[in-house]
Amino acid sequence: MDPTDGSNKTKEEAIRLAESLSGDLFALSRALYSDPELSLEETRASRRLTEILAGAGFDVRQGVADLPTSFVAVADGGRPGPRIAILAEYDALPGVGHGCGHNLIAASALGTGQVLARLKGLLPGQVNVIGTPAEETVGGKALMAKRGVFDGLDAALMVHPGTEFRVHTTSLACQSVEIVFQGKASHAVAAPDRGVNALDPLIQLYMAIDSMRRGMTHEVRIPGIIVEGGRRANVIPDRAVGRFSIRARNRISVEAILDRITRMANGLAAACGARVEITRIDEMYDEMLTNRVLADLFKSNLRSLGVETVDTPRERMGSLDMGNVSHAVPSLHAYVGIVPETGALHTKEFAEATISEDGRRGLLLAVQALSMTAIDLLTRPEAVSEARGEFLAAIARSSP
């Protein structure tokens, strides 16, 4: 008998189970859409997910890595085997709600966990559904990776809604900083010589950063804003605050750019007699290292469901805290298309798309393909070994 026969039959059952759960999963996605919660405030979303997982037989631990709305839910097949994680996101955006589609991400992770839990008698190993809050702000996964939540896993999988079906995901490393210049207040007309204008070096730094970026490679991005620059025009501002997001191909490049910005800020402060303080805010996001073995498995499973993927290099990309996970364990961050190529994430229109028929279809495909890929890994030790080898090679390539 072909050893893949059992795996294929299990996949067929997974497809059927996902279809039977699709109504409840779409209802969950709609419920999260109607009740959006901001980063680190996702109390109701976390409770919804953990209650369903506990009811499905998972052993649930909440508040991992000192993040109150995080969780790890575990279902053990009872036989030794790989440890596979499916990752959920569920924070929303201010004023936009689920404009990044995290309601669909949560529902797809939950559904995949339910499917695999119902099949655990046929599968070795362990399935983890991991709730990762605050993707839009502090980077919950980055904190959880730093604190060892993903240690010992053989693979981490997740799906994100978007404008296309894609398995080979890239992203930029990112570090946000706050730069505060301290000067000395004085009357801006009667005694400007007795003050030190803190806004001047901040504006000069803003322009210098823009000029510096123009001479760098195309993927470097350093958007910035002036948060504070004084209160009245006739008072020399003694405090000016700017925030910048430094994005580049990898962590090494980000650190090099931050070093240049630090030297420029110190020079500008010294030139006008001000003081400057630079503080890192939020966690640094690593670049995404898509595991090719996992991506190829997911792509093959999507194709069997009648879906072809876009494999050309990404022209537009942001930053993902999944990048930090991909530096700790073989990882997949795939996309399922729910809007046309001209659509845009982080909009109310995208949020509405998550509860459309295209959103429903994308959710079902995500659960089916994630479940099938997890089954591949749980039943094929050689696939896990290949994924580990590819991971170690990618880490070696990304190291200085």
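This is a predicted model: local features need pLDDT of at least 70, side-chain atom pairs count only at pLDDT 80 or more; totals for chains, interfaces and linings use all residues.

Residues are numbered from 1 along each chain as its sequence is written, and side-chain values use heavy atoms, with hydrogens and water left out.

**Entry 1, helix pair.** I took helices (H or I, at least four residues) and strands (E, at least two) as DSSP runs, numbered from the N terminus. By that count α5 passes α6 in a right-handed crossing. α5 covers residues 199-214 and α6 residues 251-272, and they pack at about 145° with their axes 10 Å apart; axes are lines fitted to C-alpha atoms, for helices over the stretch in contact, and angles run from 0 to 180 degrees between N-to-C directions. I listed the residues in contact (heavy atoms within 4.5 Å): α5 brings, among others, Leu205, Ala208 and Ile209, and α6 brings residues including Ile261, Met264 and Leu268. They divide into 11 nonpolar, 1 polar and 1 charged, where Ala, Val, Leu, Ile, Met, Phe, Trp, Tyr, Cys and Pro count as nonpolar, Asp, Glu, Lys and Arg as charged, and the others, Gly among them, as polar.

**Entry 2, the sheet of four strands.** I next followed the open sheet β7-β8-β6-β9, whose pairing is antiparallel; two strands pair if DSSP finds at least two bridges between them. β7 (224-228) and β9 (275-285) stand at the edges with a single partner strand each, so one side of each lacks a neighbour in the sheet. The twist averages 20° from one strand to the next. Between β7 and β8 (residues 239-248) I found 4 bridges, and Ile226 has Gly242 of β8 as its bridge partner. α5 packs on this sheet, touching β6 (173-182), β7 and β8, with its direction at about 15° to that of β8. α6 also packs on the sheet, where it touches β6, β8 and β9 and makes about 165° with the direction of β9.

The order here is β1-β2-β4-β3-β5-β10, in an open sheet with mixed pairing. Its edges are β1 (59-62) and β10 (331-337). β1 pairs with β2 (residues 71-76) in the antiparallel sense over 4 bridges, and Gln62 stands opposite Phe71. Helix α10 (residues 357-379) lies across β3, β4, β5 and β10, running at about 165° to β5.

How many aromatic pairs does the structure hold? I found 2, counting rings of Phe, Tyr and Trp (its six-membered ring) with centres within 6.5 Å, and calling planes under 30 degrees apart stacked, over 60 edge-to-face and the rest tilted. Phe71 and Tyr90 have ring centres 6.0 Å apart and planes at 10°, so the pair is stacked. Phe71 has 0% relative accessibility and is buried, and Tyr90 is buried at 1%; buried means under 20% relative accessible area, exposed over 50%, partly exposed in between (1.4 Å probe, protein chains only). Tyr206 and Phe244 have centres 6.1 Å apart and planes at 50°, so this pair is tilted. The pair links Tyr206 in α5 to Phe244 in β8, 38 residues apart; Tyr206 is partly exposed at 33%, whereas Phe244 is buried at 3%.

Methods. A crossing is left-handed if the near helix is turned anticlockwise from the far one by less than a right angle, and right-handed if clockwise.
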